Amino acid sequence: MNNFPDQDSVAGWLSLSDLEFSQMTTSTWIPLAIQNSSNKNGLQPGEDGYFNECWDVDSVVMLRSSVEELGHPDWETITSGSISNAWTDEVSFHIPGYFYHDNTSNFHGLYPVIKKHYVGQEHAHWELHQEIALSLNLLRRGNSWIRPEEGNVEVARLKICADGAPYLLEIRAEFLKDYLRARDSQLILGGFVLRETTGSTAELAGWDLGGRDRNFIHGEWDGHHEATYMDKPIHHAQGRIWWTEVVEPAKASYRVGSCDEPSHIQFIVDAQSNETATAAELENSSTWLYFSPNLISSMLELDHANLSMGSLMTGTLSIGDAHFQFGINECNLITIFAKDIARLPLWIQKSLVGHNITPEGSIGEELNLMQVRAYFAGTIAPEKRLVKAIRGLNAVFEEKTSSPLLRNVPDETELARKLHRFHSGSFEDVCSLSKQLVKILIERIDLPHLTSLLTEGNKAEAKRKKFRSLKIVGLYLEQLGGNGRDMTTALVGINDLRQGDAHITSSTAKSALTLFGLPEDEIDHLKSCRIILTSVTNCIEAIATLVSSNTTIDSSRSPNFIN
């Protein structure tokens, strides 16, 4: 919309030939309604160089039986109906949002966009018809309609002008056509566009004065050139186009209807021949599929995805009502039982297949122990320990000091989504994990409360040397009889590493890996994240144990860790 011409293309612009072969109904997003008017340069009609373009597109979902009876309505019929209010007489009642051909109560379709005007409101309110929204199980969020059952994919969206007026509501073709099939209907799209210019630019069209017109397969066009004579002639040229298009339903309805959608997705199942198999074929398979480790972080971007790590090298990923167990093998690959993949919803399979790779290595010692031999692995993932340790630390502080150490800690589900080893694509990702840890464990420290627990001498020392959070934590641990420097090493490490999220080549950030017993040039980023999580967990558990074992603050101890 609103592609204004240069001086050499005024005639083509006014002819609107670009809309004769409109692809609105064949694109990924199909407009259900457009109302927009704009001019190129803020000039007024009659001023030299004025360009203006107006769009008015509406649509109706029409039952196939009604199409056979009445044919396709034209643009004027589609747009002239009173679609936002009920209508009634002594015999009939017209439901708002439905399409009627006469005064009877028999409707022939519905308007997918309800436009409602309210007293005192400058602009109309646009809504996606509730029949479409409810049929597709859509949830409105702001100006988008999403489908939670498919990872909150955006299905329809409303676009608003700067002045607050709605100008476009469009829907994904795949979902619209599914609904149309279930409704046994078509979408009839009717459009009108006006383009006009005045002044010397109108003469550039090269038209003689008067009118002209042409018909094409989907509609008609007319153009007009006139001159108004005042002190000098003022030329005005315009082109107008009317057209209708039809969107046919899908061959089957998998979302609204009861059809089972066939899966043609191919998963790699063999390392030697690169043999692949569909989900249906995997149903009878007793093999495992292999995926790159970034699969987990990618899936966790979905709103309904949650991670639950169990043993050291196994976990469960859930997406809504669906879930699967996975293992991590010696090659740092994710392994999943093929039958578990086959039983997932198709949209999740589509998300997984992009991470599917050629098998390499075993399925993982712990996954083999649990899924093949039916034994417990006997280990615990640091992610699982860390969530428990954070809760335990706050509980101990609240018991001993009447207030938790960390403020406003997210719930366990949110912690598990953020604090995991699968930030492992690069060193930058390792630093990203460290930043998440800092936000949870350092930035949330209740510093006034912690400072209040120090002896008067230590308070003075902290104030004189302008100690920050970690120094004060160490000072408090020394006060309780611990080694403040050693016990906060992991926290110092993540604090240094977080700088690498913005400065990847920072020598300070990479040298911080050595605080976790890792070389500066470590390239196994999954291992780095696992060890960082383990070290931080050990740190939190040790602090909680020390605080729990103390009933009083020993003010005689000096803060040796800062000497």
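In which strand is E53 found? The residue belongs to β2, a strand that covers residues 50-63. The structure is a predicted model, in which local features need pLDDT of at least 70 and side-chain atom pairs count only at pLDDT 80 or more, while totals for chains, interfaces and linings use all residues. Residues are numbered from 1 along each chain as its sequence is written, and side-chain values use heavy atoms, with hydrogens and water left out. Helices (H or I, at least four residues) and strands (E, at least two) are DSSP runs numbered from the N terminus.

The side chain of E53 makes a polar contact of 2.7 Å with that of W55 and another, of 3.5 Å, with that of W13. A polar contact is a pair of N or O atoms within 3.5 Å; within protein, one must be able to donate a hydrogen and the other to accept it, and residues adjacent in sequence count only if both atoms are side-chain atoms.

Another glutamate, E131, lies in helix α4, residues 130-135. E131 is buried, with a relative accessible area of 17%. Its side chain is joined to that of Y98 by a polar contact of 2.8 Å. Not counting residues up to four places away in sequence, E131 touches Y98, L110, Y179 and R183, where contact means heavy atoms within 4.5 Å.

E443 sits in the loop between α14 (427-441) and α15 (447-452). With 46% relative accessibility, E443 counts as partly exposed. Leaving aside neighbours within four places in sequence, E443 is in contact with R407, V438 and R498, and a polar contact of 3.2 Å links the side chains of E443 and R498.

Helix α14 leads on to the packing of helices. Two packed helices are described by the angle between their axes and the distance between the axes. Axes are lines fitted to C-alpha atoms, for helices over the stretch in contact, and angles run from 0 to 180 degrees between N-to-C directions. α14 packs with helix α21 (residues 525-549) at an angle of about 20°, the axes being 9 Å apart. α14 and α21 are therefore roughly parallel to each other; angles under 35 degrees count as roughly parallel, over 145 as roughly antiparallel, 65 to 115 as roughly perpendicular and the rest as oblique. Residues of α14 that meet α21 include F427, V430 and L433.

With helix α19 (residues 489-497), the axis of α14 crosses at roughly 125°, and the two axes come within 8 Å. α14 and α19 are therefore oblique to each other. Among the residues making this contact are C431 and V438 of α14 and L491 and I494 of α19.

Helix α16 (residues 456-464) has N458, E461 and A462 as its buried residues. Seen down the axis of α16, these residues fall within an arc of 95°, so they line one face of the helix; the arc is that of the directions from the helix axis to the C-beta atoms. The buried residues of α16 pack against α17 (469-479), whereas the face turned away from the buried side carries the exposed residues E456, K463 and R464. After α16 comes K466, whose phi is positive, near 55°.

How values were computed. Buried means under 20% relative accessible area, exposed over 50%, partly exposed in between (1.4 Å probe, protein chains only).
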